[in-house]
Amino acid sequence: MSAIDTLPPLREVIASHQLSARKSLGQNFLLDLNLTAKIARQAGELSECDVLEIGPGPGGLTRGLLAEGARRVLAIEKDPRCLPALAEIAAAYPGRLEVINGDALEIDPLAHLRSPIRIAANLPYNVGTELLVRWLTPRDWPPFWQSLTLMFQREVAERIVAKPGSKAYGRLALLAQWRAEARIVMSLPPEAFTPPPKVSSAVVHLTALPEPRFPADAAILSRVVAAAFNQRRKMLRAALKGQAPDIEDRLISAGIKPTERAEQVPLEAFCALARELER
């Protein structure tokens, strides 16, 4: 394995700082620095961008992002055990890495970042989906970020890029594809990680669209999609009966058959229904 910088290999870093991965924090460390550099390259040209990274752990992807030329990296890490390892990276890249010890769900990163901003992360499994939904559903669009380059369990990645009619199609696919271009750009086997997870992983790259594909209120669309797929085996007139007393008429006005199930309905029709419910 070739070096990407002058710092020690990650196995040595983990051993010297006694950084065993904690299941409670959703940690699985990716130790191959060639792989972390490859993931960083999927984020695109970074020399004129600030990069937000969530859950850097011992800093494998952090080092990849910096070695690939990121202007600055803001790394938010909940586990205080990782801070000494990250401090060594900050010393090797003076002025280019800021580390915040805290919960990414509670910290506003915009106070620490300068536009343009990209997000790249091997997201902790226990908060990854919630963070993605937050980034995809701000009230105003375009968002603060240009692109997201995120690692998930393979199953979650497939849900993000799924098409209508497939088992994976649901809330994540609709919210991601409404406002972004989403594609899987890398696959990683369990043995790439320490400890190896029980499932494969994949990296998804999402590029923010200048405007949503179809007009709709973000809050209403999110609510409708969540209700529809929470009871995906039911016909939509039953799954969405709590959304409006005349939901069957609203579905018909949106071009949706009330007897259809959620996985049969394309994005454009859900957006039309959100507009109907806004009236």
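Student: At what angle do the axes of helix 7 and helix 11 cross?
Tutor: The axes of helix 7 (residues 171-179) and helix 11 (residues 267-278) cross at roughly 90 degrees and come within 10 Å. Helices are DSSP runs of H or I with at least four residues, strands are E runs of at least two, and both are numbered from the N terminus. Axes are lines fitted to C-alpha atoms, for helices over the stretch in contact, with angles from 0 to 180 degrees between N-to-C directions. Helix 7 is therefore roughly perpendicular to helix 11, the word for 65 to 115 degrees; under 35 is roughly parallel, over 145 roughly antiparallel, the rest oblique.

Student: Which residues make the contact?
Tutor: Leu174, Gln177 and Trp178 of helix 7 meet Leu267, Phe270 and Cys271 of helix 11, where contact means heavy atoms within 4.5 Å. This is a predicted model: local features need pLDDT of at least 70, side-chain atom pairs count only at pLDDT 80 or more, and totals for chains, interfaces and linings use all residues. Residues are numbered from 1 along each chain as its sequence is written, and side-chain values use heavy atoms, leaving out hydrogens and water.

Student: How does helix 5 pack with helix 7?
Tutor: Helix 5 (residues 128-136) packs at about 35 degrees to helix 7, the axes 10 Å apart. Thr129, Leu132, Val133 and Leu136 of helix 5 contact Arg171, Leu172, Leu175, Ala176 and Arg179 of helix 7.

Student: How far apart are the end C-alpha atoms of residues 35-210?
Tutor: They lie 31 Å apart, and the span is 30% helix and 27% strand.
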